[in-house]
Structures are given as structure tokens and as C-alpha cells.
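Subject: Structure handover and notes

Dear colleague,

I am passing on the structure below, together with my notes on what was found in it. Please read them alongside the coordinates.

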Amino acid sequence: MSTPDHGGAEPESPSAPVAPAEPGATAVRRRTHPITPLVTGWKIVVGVIAVLTAQNIARLVEDFTVTRALIGTGMLVVVVVIAIVLSALSWWFTTYAVDEAGVSLYRGMISRSREYAPRARIESVSVERPLLARLLGLAKVRVEVAGGGDSYLDIEYVRSGDAEQLRRGILDVAALDAPSAPARETEHDPAAGSEATSPEGDRRAPSEGPGAADPQVSAQRPAGHPLERFLHDDVTDGELIARIPTRRLVHSLLRDPGFLLSIVGGVVGVLAAIGLTIRQDGVSFAILVALLPTAIAIPKYVFGRIESGWGFVSRITERGLRMRRGLATTRTDNIAAGRIQRFELRRPLLWRSPDWTGVSVTVAGIEDSEENGAAHVLPVGTREELRATLGHLAAPLGTPDDPGTIEQLLSAPAREIDGLRTPVRGFWISRRTRVAVLLPGALVQRSGVLTRRLEIIPRERLQGLTVQDGPFARKLGVLDLQAGVAGETMVLSDLPRRDVLALHAVLARDAATLRRYRDREHWPQPALAVGGAPAGPAGGPQ
């Protein structure tokens with residue numbers, strides 16, 4: 001008896017379960033720009049040259065001839081061709097896709113791999129433009145994912161205009177699971193007129209915002225000017241929060257004791273290393289080449305600090321704070337206020353007269369500690385720019401005047417601040433410079449000698465508390481308290497035992513209730529609560 005042929009496949013039963021589609025399977029896969037191999041292939045060439053010449057430079061110089069130089073040039077050409085071919089193969093088998101489930105990146109020719117960023121875990125999207133890519137009109141899109149310092153997905157490289165569209169598309173996908181943005185974080189609509197609404201509810205022109213008194217800001221071209229959009233990498237939408245002129249950036253570096261001491265120490269170290277090496281082995285070309293990496297470390301450090309604030313612009317949009325910075329390599333970043341776990345304000349000694357302050361933040365899932373990283377939301381800002389930045393990013397401290405409180409904690413001598421400090425007289429530096437303050441909405445610690453630092457952790461962001469004790473601490477009558485948030489820990493050292501235990505009790509209650517019940521609409525519902533409202537403790541914070 002013959003069986004009818006149905007094309008080699010049996011019809012599925014109506015009752016058979018249908019396997020869920022793989023996230024990203026229905027989205028259109030795209031390749032990056034075709035000249036990406038030229039941008040990435042040079043790294044292979046530089047690596048090969050560095051390996052071949054690092055330990056053989058002296059012999060290459062001694063045995064130099066024209067014939068060998070031509071042979072070396074030919075070999076270099078072969079290496080370049082191989083590098084481009086390998087990069088081209090990698091480019092051909094690399095695709096990306098964006099859909100409502102998240103972002104997918106597919107790699108591999110023989111062994112295929114897939115990197116996936118679910119929309120619920122996308123923290124931020126940045127656009128980076130290295131020098132060579134920028135000259136070619138390309139950019140790299142980095143998707144930061146919650147889960148660790150190295151949790152990110154890179155799409156490199158696409159056209160700069162396409163990178164901006166891709167960034168907005170990924171942020172739109174991530175916003176499907178995000179809470180609605182506050183009314184004050186609305187993106188500026190050019191059709192709505194020239195006024196913007198401030199957090200206090202008044203209406204003011206953008207020229208009255210932070211930095212308007214700066215002549216370099218007031219003389220800027222209109223936001224729609226093509227040159228303005230190119231110079232600021234299209235970061236022209238939204239309310240202007242801060243803009244750092246080049247003059248202020250240079251002056252801030254010359255006034256930073258830590259920066260100056262690092263340069264002096266580096267120069268002394270390099271000179272000492274060169275002197276000792278020459279004294280032992282004499283002067284030779286090979287020795288000078290070997291010391292070259294040490295010598296260029298200082299200019300690299302100086303250039304890195306300059307680039308971290310060069311052309312810095314921050315604007316508040318409906319997706320949070322958007323920042324642009326960089327000289328040779330530029331980057332734009334987005335940070336949503338709800339992702340910030342901790343603030344750190346720094347004011348070096350010579351920054352106090354012009355009232356300059358630097359602000360960095362800790363964002364859940366992002367470990368970007370570089371000077372030009374997304375964590376530095378204000379490299380060096382005026383008092384007005386500091387007020388505007390914290391006003392859009394920081395949770396209320398619970399005081400009658402939050403900006404005034406922050407300014408008082410930064411500017412006043414530590415001994416005049418009412419808070420907890422070590423009772424041990426032998427720790428005289430810590431006793432005079434370090435103090436912990438518990439505010440209604442945040443835990444604050446002030447520290448530093450030449451550079452005053454202010455750490456702020458919103459009490460609703462606390463995730464873990466640890467009390468450290470030991471024989472020496474018991475003898476001195478002190479304890480250490482560690483307050484942890486996602487990605488960072490604040491250490492309150494050598495405080496009175498009774499005060500630490502009382503503070504631990506208060507903060508433990510905050511960690512157990514504030515985060516959980518204040519954000520309870522975004523938490524998964526317990527199984528026992530299905531069909532009814534979840535039961536909560538009476539009198540819990542709302």
C-alpha cells in the first residue's frame with residue numbers, strides 16, 4: 001500500500017505545540033559598511049609589525065641594506081593584503097539585527113556564534129568615532145547590557161548617519177520595557193517655539209540655560225547649522241545642560257594637583273629609567289627604542305585627559321542625558337536617570353575659587369572607568385552646570401535646598417559638617433577630612449585633602465550592607481560599614497561602634513523596603529499574588 005507524497009513533510013497536527021521563534025529570527029539581518037575591513041585590518045598589521053620589531057630592532061638596524069629593506073617592504077605588503085582578506089571574510093559573515101526582542105549580532109564562518117542583548121537589559125547605547133573611522137564617515141555603535149563590566153555588544157562600523165538612526169532605534173526598543181520618562185525630560189521640539197520648560201515649571205529660552213554667560217556658548221551657531229551639527233556629532237537636540245569651552249578645560253588641568261603630580265612623577269620616573277639604563281649599558285639606538293614606550297606614556301596620558309573633556313556637550317532629552325566628547329576619537333553616550341546608582345563629585349584645591357566641579361556616576365551594568373567614558377557626566381562644570389546636571393539625574397536628597405546642601409558639603413571644612421567621623425585621635429588626617437552624613441534621601445560621604453570628594457548613594461538604591469569587625473577595631477571601639485550598590489561600594493571607615501550599628505539598622509530597612517516597594521510596579525508579581533493584590537507590610541513606604 002503506497003503512502004501519498006506530501007512534499008517530504010508531514011502536516012503538523014492542529015494540537016501540536018508550536019516552538020517559539022528565536023529572538024531576532026524574524027528581523028532583517030544587515031551587514032556593516034563594506035569598507036569596515038580597511039578600518040579594522042590595520043590593527044592586524046600593527047600587531048604583526050610590533051611583534052617582529054619589538055625584540056629585533058637592534059639587529060634590524062645593524063643589518064640594514066637596501067635589498068633587505070625591499071624584501072621587508074614586500075613582506076609588509078603581503079601582510080597588509082592578508083589582513084584585509086581576513087577582515088573581509090570576517091565582515092562578510094558578520095550581520096546584526098534589531099527587532100522588538102532586542103539586538104542580535106551574528107559572527108563566524110565555520111563556527112557560528114550569536115551575541116544577544118535583550119531589550120529589558122539594554123542599559124545605554126553609545127556611538128564612538130575613532131579617528132580613522134571618523135575621517136571615512138563611519139562610527140561604531142556600542143550597546144551596553146546589564147550584567148557586568150564587559151557586557152556589551154559592538155556593531156562596527158556603519159555610516160555616521162546610520163549610526164544615529166540605529167542608536168535611536170535601539171533606544172526605542174529598550175524603552176518598551178522602561179518606565180515612562182518624567183515630564184521634565186522631554187526632548188526639545190523645534191516646532192514648539194524657542195522656549196524650554198525648566199524643572200521648576202517656568203519657561204525660559206535655551207539661551208538662559210547653564211553656560212549662557214559663557215561667550216563661547218552665546219556665540220554658537222543655530223542648532224540646525226550643518227557645521228554645528230558636524231562639530232558636535234549631531235548632538236543638538238534637547239535642552240542644553242553643559243558645554244565645556246577649551247579654555248576652561250585647559251585651565252582645569254593646570255589647576256588639578258593630581259594631574260600635575262602624575263606628570264611630574266612620570267617625568268622623574270622616565271628620566272631615572274633612562275639614566276640608569278644608559279649608565280649600565282651605555283648609549284645605543286636599541287636602548288632608546290626600548291625606552292620609547294615609557295617615554296610616550298606621559299604624552300598619551302596628557303592627551304587622554306584633554307580628549308576626555310574636549311568639545312564636551314550634554315543635553316537632556318526624553319531618553320535621558322546625552323553627551324558628546326572627544327578630539328581625535330569622539331563618542332556620544334546616553335544615560336537614563338533611573339539607571340544611576342551612585343554619584344561622585346570632585347573639587348580639587350585650585351578649582352575652589354572658580355567653583356568648578358567634576359561629576360561621575362555609577363550606572364548599573366556599565367563599568368566605564370576611562371577618563372572619556374560614559375560615567376563622567378560632567379568633566380569640569382560651573383555651579384550652574386552642576387545644578388542642572390544633578391537636577392536632571394539625581395534623586396531628591398530630601399532637604400529644603402538640595403543644591404545648597406551639596407554646595408555646603410563640598411565647600412565647608414569637614415570639621416564644620418555635622419555627621420559621623422572617626423573618634424580615634426591617631427587617625428588625625430581622616431578625622432579632619434572624612435565625614436559621613438545621612439540625609440533623608442541619600443547616604444553621603446565627604447573625603448579628600450587636596451581634592452575634596454563627595455560620594456552620594458540614594459537610599460533607595462542600596463543593595464547590600466556589611467559591617468566589618470576585628471580585634472584591632474574592637475580595641476579602638478570602631479567599626480567599618482560597607483554600603484553596596486550595583487557596581488560600587490562606599491566604605492565608611494573607623495566610625496564609632498554604636499553609631500555604625502544604629503546606621504546599619506536604618507540602612508538595612510531602606511535596602512529591604514525602599515527599592516522593592518517604590519519600584520514594585522516593575523517587579524515580577526509573586527505566584528501567590530496571582531488573581532489578587534500582593535500583600536505588603538502595613539505602613540511600608542509608597
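Let me begin with aspartate 355, which lies in the loop between β13 (340–348) and β14 (357–363); please bear in mind throughout that this is a predicted model.

Aspartate 494 is placed in strand β21 (residues 488–496), and at 22% relative accessibility it counts as partly exposed. As background, most residues other than glycine have a negative phi, and most peptide bonds are trans.

Of the contacts between residues at least 6 apart in sequence, 59% join residues at least 24 apart. The protein exposes about 29,700 Å², of which carbon and sulfur atoms supply 59%.

For helix α5 (residues 160–174), the length can be checked directly: at 1.5 Å a residue its 15 residues should span 21 Å, and the end C-alpha atoms are 21 Å apart, so the two values agree. Several residues of α5 are buried, among them Leu166, Arg167, Ile170 and Leu171.

Leucine 481, in strand β20 (residues 478–485), is buried, with a relative accessible area of 0%. Leaving aside residues up to four places away in sequence, leucine 481 touches Thr466, Val467, Met490, Val491, Leu492, Val500, Leu503, His504 and Leu507. Leucine 481 and serine 493 are twelve residues apart in sequence, and their C-alpha atoms are 6.6 Å apart in space.

On the surface, finally, a nonpolar patch is formed by Val77, Val78, Val81, Ile82, Val85, Leu86, Leu89, Met109 and Ile110, which together have about 840 Å² of accessible area. Methionine 109, one of these residues, lies in the loop between β2 (102–107) and β3 (113–118) and is partly exposed, with a relative accessible area of 48%.

With kind regards

Terms used: Residues numbered from 1 in each chain as written. Predicted model: local features only at pLDDT ≥ 70, side-chain atom pairs only at ≥ 80, totals over all residues. Heavy atoms only, no water. Helix = DSSP H or I, 4+ residues; strand = E, 2+ residues; numbered from the N terminus. Expected span 1.5 Å × (residues − 1). Buried < 20%, exposed > 50% of the residue type's maximum accessible area, 1.4 Å probe, protein only. Contact = heavy atoms within 4.5 Å. Areas by Shrake-Rupley, 256 points an atom, 1.4 Å probe, with all protein chains shown as cover. Patch = residues over 30% accessible without salt bridge, like charges linked within 9 Å, V, L, I, M, F, W, Y side chains within 5 Å. Salt bridge = Lys/Arg side-chain N within 4 Å of Asp/Glu carboxyl O.
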